[in-house]
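Please open the model in your viewer and keep the selection tool at hand. The tour below moves from one selection to the next and states what is found at each stop.

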Amino acid sequence: MSEHVVSPKIYVVILLALLLGTYLTVSAALRDFGPWNIVIALTIATTKALLVVLFFMHAKYSPKRTQLVVMCAVFWLALLLFMTMSDYVSRVDYRGVRYPVSQNFFLTHSPHS
Amino acid sequence: MFVLLTCLFFAVLVTLLVIYAAFRYRRTAPGEVGSTLEGNTLLEIGWTTIPLMIALVMFAWGAVVYTNYRIAPKDTLDIYVVGKQWMWKLQQPNGKREINELHIPVNRDIKLIMGSEDVIHDFYVPAFRVKMDVVPGRYNTMWFRPTKIGKYHFFCSQYCGTNHAVMGGWVTVMDPADYAAWLSDEAADSNPAAAGEKLFTQLACVTCHLANGTGRAPSLNGVYGAKVLLADGSIVVADDAYIRESILQPKAKIVAGYQPVMPTFQGLVTEEQILNLTAYIKTLQSQPVPAKGAGIAPAAAGKK
Amino acid sequence: MSTASTANVGPALKMPEKHYLNATYGIRSWLLTTDHKRIALLYLVSVTFFFFIGGFFAMMIRLHLLTPSGYLLTADTYNRMFTMHGVAMIFFFLIPSIPAILGNFLIPLMVGAKDLAFPKVNLLSWYIYIVGGCFTLYSMVTGGLDTGWTFYTPLSTVYSNSAVAPAVVGIFITGFSSILTGLNFLVTVHTMRAPGMTWFRLPLFVWAHYATSVVMILGTPVIAITLGLAAMERVFGLGFFNPAMGGDPILFQHLFWFYSHPAVYIMILPAMGVISELIPTFARKKLFGYHFVAAASLAIAVIGFLVWTHHMFLTGQSTYAAIAFSFLTFLVAIPSAVKTFNWTATLFGGSISFDTPMLYAFGFLGLFLIGGLTGLFLGCLGVDMHVHDTYFVVAHFHYIMVGGAVMGYLGGLHFWWPKITGRMYPEWLARIAALILFVGFNLTFFPQFVLGYLGMPRRYHVYPPEFQVYNVMSTAGASILAVGYLLPMIYLTWAAFYGKVAGNNPWPATGLEWTTASPPPTENFAATPVVTWEAYDFHNRPDLGLDVPAGHPGIVPAHGDD
Amino acid sequence: MHRTGELYGQFETLEQQKDSATLGMWIFLVTEVLFFGGLFLTYTVNRHLYFTAFGVGGNMLDLKLGATNTVVLIASSFTMAMSVWAAQTDRKKLLPLFLTLTLILGCVFLGIKYVEYKQKFDHHLVPGHSFDLTYRINHPTPGDSPKELEGERKEIEDAIQTEAAGTPQERLVALNAHTQLYFSLYFGMTGLHALHMIIGAGLLIWVIRESLKGRFTAAYNTPIEIVGLYWHFVDIVWIYLFALLYLINRHAV
């Protein structure tokens, strides 16, 4: 297995990209984009993570098997998050009140008193 | 039932095939080998897709039943249910309360709206084939329609601690006329324990006999039927007679470690009310006993 | 090295002079060993210990339930009994049983390697298991544990008065043992295969363990962090799952079952792997549909991760989620069905003998069938409303766990006992024990299906008197079952020292592990083996000494000499 | 099993050994992803349920310190990558240098983390009986900027309105509980991350010692690569933690 030596030039470029990403994400967080703030923050975070995995961790130059392992991790994490959230976002509680109702609601506000 | 029959069919089929094969192809000579049969793709596809189809039918049937169960019909009779370690408190639409008993009319859609005071419980009526978890911090609902007059068990079926197994009672399905009569009959409260609980609050017993043992009087949790250590060092069993005496002549027997501060209730309560109070204290038998301030004698003292 | 040994005939067999058991002596040579075979034996001893602890609790439960009012134990003691039965059996017996004992012993032999890829990590995982076990034992002796093995919050984190924290920490720790074992297996199968051992020549036992390992490494960390959070909640009073502090108890169940449902496949997949070895060997025939069975293992591992909320249909999760998960639950039934059909088809045209391991395989088929099909009842939303959390569930998972996994485990233990110890067990005694187990098992657990259908909830220390007759049957069965478990332990131990010398390949079987000595030398093979045959190919293996009919269509001249 | 040079007995070749070790590390990282995954799920569910309360919690973190730590950790990842390069290209002088730089940056990260924890401790934001969301605004210290405190007070007042019905006092109790949940997760997640950093620092010390002995060459540098993978993974976790804990629902100052 001949290993791929990544040149320091690429590392420097990635470093700069990561620092730029950090700058962008902080300045975006301080402005109000409504619901898009979350999307921006997570997109930039994912891009940064991707850069680290692909270049710093050499996933780009690794055998397919390694890439499969990485994808498995992402896939199962997504499974855990999305399938559980699918329950939470589609929950409708009694009288159409979305989860959660306040603690001990029934006990303090007896429906018949 | 469809699911049962299908499963039975497959169980019998495969078992018979295995038994048949085991006898038909048993080894006859020590060095014998089997055939070179390796597989058959058509067969594989067949026995993948056919069970899949059957499974999907089962799924669809189950999903329809379940969806109907989760979405209650309009115009239900709403009963409020609270589970706590280890009893059920139920409340009729007119405010009438019961403990570990539920009276409902026949042929009417009943909806239970359920909450929990502590851990997760589960309200289960086997005869109606329904159950639902009762989760603290939120409401769960379930509905059913009883079609036969009678008395049916209900259970807690989500493990909830020590007395999980005794956290149950009876559902009484009544003729609508009987139900209406029962409901309006405030005086003859059919559930002594619930009446007792009400009295326990009305007579302000609850202000001193705090359940957690921090009150001026001992907690009554678990006390019924247990041994009680008295101030003079003797031990009595907290039976009905003792409870009656303690209500009417509270100074007669003082629990060790407490002051004789309780007023007498002689003349303030009727005999029936004493019975109700006793019935309520009986239900506290299954309640968690606090480490300090319990009425129960410590185990060591009990052995003396 | 490997002599052509013919079954049951030939001169008196002798044990090899030097093998892994007598390579070195002394307690240090065992406790510091990195030999996968010795570590497997360390696991065998410790796992058996936990099995009998769990079995003791089970016996107490069954005795207590003889009468409706339960005269034997108090409510608190009873609750501790079933909790500790579950904890000991699931986390300390079933999950490590086949993978850590048989898998550890056999995977390097089966792929033709000298050891697992990381022998030290392998030893470490045993020590982690022991440390976790000690924590859990500590909790058992200092007040016990009464939360149910599921540790549902807030009962476990706020309301229980028992020693929850050490038990949870113990299971948290043991999880890493499982993770490291899975990691080791995966890497070994990927990088340590002998020349010629292609992916599709691997025995299905290895495929099954590959799938199991995938579940282990992906699921176990989730339960670890979940129990970690629960322990923090209990010790520091945090509120992740405590509704009184804004947490959500249902979230705990999501996290818990994300692992604990796939954990069922950690228990059953290896047993399926064992059965896939036993049936071809004792039918002397290639396994029907090798590729499909291998693919089914992986399919079970993957789809098994998509079904976890079927334990939570009635917790008040959303209706949509329940329907989706019910659908996926039915999907996961299909690969198991495919496997069962393939095993059955393998029998056709075979030459079947009824040696003890094969009896276990038959037992497995029957019991797994019942266990699997009753799983459909539970996955079916409409039926689950009634039978959820009743004895029906108890019966169902015992049919899978005991009827499936333990039958597979014992079958495998008998099958490879000659390889592990070099000696045969007493055949007739073993057959009788297998029969006792089968009968005792059915008598114990079949009545529980009826009980559950009649509506008896789980975890009840007292019950209405109308359920008594089935409980008595069940307890009677459990007594028979207890005898059935004691017998193999006694005669297998005896056979390890005094049994008849087995020879390299007593059955004969086709796996690579049977080409080396019994017991194998420390480095497994005298020279790195080269594999030239397909899995379970009895017809092209002249070294097995079988009477292959001349001019048989399957015959091709064999290459290589081993 | 006997070891021949750097080759362990169970392997046939160094390549097979390296292949196994790298694959093993990647698989280990998969388990780590799911290990953190449980925390991420707990976070996601509670963020979904108590969006505003979590926003209040997030705004109580020090963005400057968090951003600085992100930069520090990214830099350490870079020096780690350079260490791998130095090992692969046989630069025996540079290797320990880059490794030591990585270690120093890791320690800086932990130091800043300590400062942050200390701050939260002083503000009574550590979950437990003394947790008090309003402690800081009620007990200002001379160093606090009045503008910042005023912003915090206003935010809490706004957030109280979003809690379920009840008296203002009950709503404040609920908000306090939900923000405490946020800080439980904050300490849980960053604490676990810091634990990984400490383990990583231990591994770094080990490879620095070995590299000073000149053990790693272009032919054999598996440990450097393995430690590198681990270190980068820890970096990635932080990238997400930073976004999730510090940035979401951050108010402009």
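Select chain A: of its 113 residues, 31% are buried. A residue counts as buried if 20 or more other C-beta atoms lie within 10 Å of its own, as exposed if 12 or fewer do, and as partly exposed in between, with C-beta atoms placed from the backbone. This is a predicted model, in which local features need pLDDT of at least 70 and side-chain atom pairs count only at pLDDT 80 or more, while totals for chains, interfaces and linings use all residues. Residues are numbered from 1 along each chain as its sequence is written, and chains are lettered from A and ligands numbered from 1 in the order in which they are written.

Remain on chain A and display the cartoon. Chain A has 4 helices and 0 strands, and from the N terminus on its elements run α-α-α-α. Helices (H or I, at least four residues) and strands (E, at least two) are DSSP runs, numbered from the N terminus. Among the contacts of chain A with a separation of 6 or more, 41% are between residues 24 or more positions apart. Two residues are in contact if their C-beta atoms, placed from the backbone, lie within 7 Å.

**The cores**

Next, select B:Val81, D:Ile27 and D:Val30. In the largest nonpolar core, which has 358 residues, these three touch the most other members. Such a core is a set of buried Ala, Val, Leu, Ile, Met, Phe, Trp, Tyr and Cys residues joined through C-beta atoms within 7 Å. Helix H3 (residues 75-111) of chain C gives the largest share of this core, 24 residues. The core lies between domain 1 (42-71) and domain 2 (77-184) of chain B, because both give residues to it; the domain bounds come from an automatic or database domain assignment.

Now centre the view on B:Val81. Leaving aside residues up to four places away in sequence, B:Val81 touches B:Trp88, B:Leu90, B:Leu112, B:Ile113, B:Met114, B:Phe123 and B:Val134. A second, separate core has 14 residues, including B:Val228 and B:Tyr280.

**The sheet of chain B**

Which strands of chain B form the open sheet of 5 strands? Their order is S3-S2-S1-S5-S8, with mixed pairing. Two strands pair if DSSP finds at least two bridges between them. Strand S3 (97-99) and strand S8 (140-144) of chain B are the edge strands, each pairing on one side only.

Select strand S2 (residues 87-91) of chain B together with S3(B): they pair in the antiparallel sense over 3 bridges. B:Leu90 has B:Glu98 in S3(B) as its bridge partner.

Then select strand S9 (residues 150-156) of chain B. S9(B) runs antiparallel to strand S6 (residues 121-125) of chain B, to which 2 bridges join it, and B:Tyr124 has B:Phe155 in S9(B) as its bridge partner. S9(B) is also joined by 5 bridges to strand S10 (residues 169-174) of chain B, again antiparallel. There, B:Lys151 stands opposite B:Thr172 in S10(B).

**Where chains meet**

Finally, show every chain. Of the 5 pairs of chains in contact, chains B and C share the most contacts. No contact joins chains B and D, whose closest C-alpha atoms lie 13 Å apart.

Select chains C and D: 33 residues of chain C are in contact with 29 residues of chain D. On the side of chain C that touches chain D, the largest share, 10 residues, comes from helix H7 (204-236) of chain C.
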